[in-house]
Amino acid sequence: MKSTLQKVPLLDPVLKGIGQIMLQENAWTGLLFLAGIFCGSLQMGIGAILATLCGTITAKVLKYKEEEIESGLYGFSAALVGVALPFYFQSVAVIWIAIVIGAILATMLQHFFIVKKIPVFTFPFVFVTWILLYIFHQVYPVAPSDVLTMETQLNQDFAHAFRGFGQVIFQGGTIAGLLFFIAVFISSPISALYAMTAAVFAAAISSCLSLNPQESIAMGLGSYNAVLCAIVFAGTKVMDGFWVLVSVILALFVAWLMATYNFTLLTFPFVAGTCLTLVLKSIHNNFFKIEKPTKSGVNQRH
């Protein structure tokens, strides 16, 4: 018997697509993510829905595998494009057109990597957004959004870990971050707890080594890539914790390197750190002849 969400056409895959931003194939998780985005910005919330819908429809029109569409694999990169552009720029007409085009391109790029069985996670979002940022900064300048020019005063408290969750989807508010944490927890408690630990760890390392300004750390900008890394490798074995640690350290190094040369990070440190860790894990497993698990869930499908 179909759930309420599954009865509405496209609603279930669209919400799962938003949930897959943090690797959760769960429509209720996606709904909470959406609520958190709307808490931060009406424009970003609308952008997330529009982009995810465009990505899902594109996948259907191009006849991608139905099970991949239903699991939301063609929604999460598109959704991030839809949130990123209203975050960086004023919501003028050209930005909404770019959201549609960017969502379509991100979906097609996601499909290419899925077919090739290359785990790239959110790289299609990163690649498409980098191009759009260049266009709207250098070729056809658009004014920055109010979010970028807004001054925020945040305390150095434990809430930065929740903000780390929020910054995965461009939300700096504590309430949005808390909603995101709960959303992941109802889908995968172990992933949520690992991600929270990784957020605290990454913020502490960033602070001790001065990898980020203290204000950025308080806003969660020093830990959101760590949140995603932890979710990928979260598990019940001791070695799962080890690979989480490795991926977080690598992501922090990549983020520091990119920041040194003034690159826009987005989620690329997570992508790079996770892919490098997957290579190291594969080498380790082959060296010790560890049998690969038969079920890897959403992590391998990204």
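## Crossing of helix 12 and helix 14

In this predicted model, helix 12 and helix 14 cross with a right-handed sense. Helix 12 covers residues 189-208, and helix 14 covers residues 224-233. Their axes come within 8 Å. The crossing angle is roughly 145°.

Helix 12 brings Ser191, Tyr194, Ala195, Ala198, Ala199 and Ala202 to the contact. Helix 14 answers with Ala226, Val227, Ala230 and Ile231. By class, nine of the contact residues are nonpolar and one is polar. No charged residues take part in this contact.

## Nonpolar surface patch

Two helices each supply at least two of the patch residues: helix 4 (42-61) and helix 7 (93-115). Helix 7 gives the largest share, with four residues.

## Salt bridges

The model has three salt bridges. One of them pairs Lys16 with Asp12. Their closest N and O atoms are 3.2 Å apart.

Why are Lys16 and Asp12 separated by about one helical turn? Both sit in helix 2 (residues 11-19), and they are four residues apart there, so about one helical turn lies between them.

Note on methods. Residues are numbered from 1 along each chain as its sequence is written. This is a predicted model: local features need pLDDT of at least 70, side-chain atom pairs count only at pLDDT 80 or more; totals for chains, interfaces and linings use all residues. Side-chain values use heavy atoms; hydrogens and water are left out. Axes are lines fitted to C-alpha atoms, for helices over the stretch in contact, and angles run from 0 to 180 degrees between N-to-C directions. A crossing is left-handed if the near helix is turned anticlockwise from the far one by less than a right angle, and right-handed if clockwise. Contact means heavy atoms within 4.5 Å. Ala, Val, Leu, Ile, Met, Phe, Trp, Tyr, Cys and Pro count as nonpolar, Asp, Glu, Lys and Arg as charged, and the others, Gly among them, as polar. A salt bridge is a side-chain nitrogen of Lys or Arg within 4 Å of a carboxyl oxygen of Asp or Glu.
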